[in-house]
Amino acid sequence: MASQVELIDTLAGLALFADLSRPQLEAVAHTFEEEYFADGQRILRQGFSGSNLYVIVSGQAAVHVDGTQRATLARGDVFGEISVLLGEPPAADVVAMGPLRCLALPGPEVEGFLLTYPRVSYRMLQAEARRVRTANLWR
Amino acid sequence: MALKKATKRRKPFPPGRYPVVIIGSGPGGLQTSYALRRLGVEHAVLSADAGPGGMFLRFPLFQRLISWSKPYAPAARGTRPYAWYDWNSLLADDRAHQALVPEFMDGSSYFPSRGEMARGLTTFARRARLAARYGCRWEATRKTGDGFTLVTSDGEYTCRALVVAVGMAEPWKPDVPGLDLVPHYVRTRAPRTYADQRVVILGKRNSGFEVADALLPWARQIILLSPRPALLSIQSRSTAGVRARYLLPYEDHALGGGVVALDAATNRVERTGAGYRVFAAGTTRPGEFVFDADAVIAATGFTTPLGDLRALGLATFNQDRLPALTPFWESTTVPGIFFAGTVTQGAIGLKKHGIPSNSGGVGGFRHNARVLAGYLAEKHFAITTPRPTVRAAEVVPYLLSEVARAPELWNQRSYLARVLSVDPREGIRDEGIVPLAHFVDAGGPDAAAIVLETDQAGDHHPAVYVRRSGRVTEHVLSSDPLHNFETPEHHAQLTALLNGLL
């Protein structure tokens, strides 16, 4: 990610943050940390406690349960939220498929963040509802 | 002229071919050089500076570090566990080279002054006879068939492996209109020159609070401005937050004094005669703000002077400020380029419970440098680190004593692990200190790794990662309020976990 302006433009284009004002997007850019994962690198690890929440900014990731690929995640997708919200270890591995850029929010900061930005919570709830509806629940 | 020529002739590491070249003579470069030499890996150290010390020749501005070196501690000076109580000294095997920073501290604080830190580093380099080619500026890099060619102010160097230890001390500002008019933190003037001034500080991390703390007795009003609320170390339970010693301005803000800490994004900055006008918009609470200030200081952080490495394909992140690294601090996209020092933050690790590595500070990255040296020696030069055998009866007490006292594990929580492996023929082997991310993701023989972790409630406890038939499972042992992990309960828990493995 070359600059802060580009990062904020990218955030504005993600459904999760679509309702936020420009200053709020700046706060998001400062609250989440940008992380880069090389092809094959694990981001979430099945059964490991203390994981964090991620939003994909660019690239793709595979969801593996017990070594079997169950889903593919792409730009704008959120992962790690279920284990953070429930305080349980993830039920899947998430592995980078090629170069992957994510925004990461430490697990302990998620509750405060969602309460500060209820529109983000609502968008996340919509995404979860879609997953339930399509029975594409990989957890 | 004759004297100058003679001096030049005596400079070590003339241009030529070396197995490894290290760029930088700060603590990261010095620690890597020391560790490589102990392993017998020939290398050159090049530095643009005039002497050892790196960023501590210049920063922190207001003279004192934010990492402790405790003259009196639960562990005796000169022992391995003491390093946890002395985050600033480099690591050494020889007692004469160990725990040097406390030797120079005058007792007025357990945070060394910059001068005390610089003396510790200089003395380390001198006593350990660590040579560097000072005044040699790295100018360009080319990839060659089996390594790299570096163009420097003194000539060309070729190497198989390059270790970049150039720190992260290049001033960085976000691209906000008018911010180019504002001096960066590094150009903050003497505090008394801000007497009776209204000062806007852009940034609510350590450097912002450091400046605010220094200006408290002088400035008429201080406004700390950044988009997100200040994250304090006592909340984040890591050194990533604002350290307690800079909290006076925050307390002043909380009590409604002359300091205001505001969550707002700066839209633009304008000059107004001798002063500035800062336009900002509220983030956690909406609102438009306009501040007229006598002075503005951009405490907006630093970046890594990566030279032309991006042109070789070096992937970066964190708004292009850090290289993306493997668990052994090698570029994920340009194999053969390694990093030491504070830039090793580029290997993120597991970041369990949101707690980052401590690789940004000397306390953490000095351990990384030792691990890196061992990895380089094995991978590129077939120099194997001894892996002593461990008797089965010693395994549990050994692992528990490590998690109770090993400075590598305490300085690098959930990041560096003590690893024991099982070889069917040779028995149990001590694999040494290994990055946890490598252990859990890279596969290998049956083995166990122990680390120190801090959970969401702030409790420290041992965590054990057990690899059986290639699959790694995580097991969190009990915490203890006095950090005693060698109780019968811990012994029983770990024995049960390792049953049938070791």
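How many residues of chain B are in contact with chain A? This is a predicted model, where local features need pLDDT of at least 70, side-chain atom pairs count only at pLDDT 80 or more, and totals for chains, interfaces and linings use all residues. Residues are numbered from 1 along each chain as its sequence is written, while chains are lettered from A and ligands numbered from 1 in the order in which they are written.

**View 1. Here chain B meets chain A.** The count is 31 residues of chain B, touching 31 residues of chain A (contact: C-beta atoms, placed from the backbone, within 7 Å). Helices (H or I, at least four residues) and strands (E, at least two) are DSSP runs, numbered from the N terminus.

**View 2. Here is an open sheet in chain B.** Five strands line up as β19-β18-β20-β21-β22, with antiparallel pairing (strands pair if DSSP finds at least two bridges between them). At the edges sit β19 (427-435) and β22 (471-476) of chain B, each pairing on one side only.

**View 3. Zoom in on β21 and β22 of chain B.** Six bridges join β21 (residues 460-468) to its antiparallel partner β22. Look for Val466(B), whose bridge partner in β22(B) is Thr473(B).

**View 4. Now for chain A.** You'll find five helices and six strands here, in the order α-α-β-β-β-β-β-α-β-α-α along the sequence. Its C-alpha atoms fill a box of roughly 40 × 30 × 30 Å, taken along the principal axes.

Conventions. Contact = placed C-beta atoms within 7 Å.
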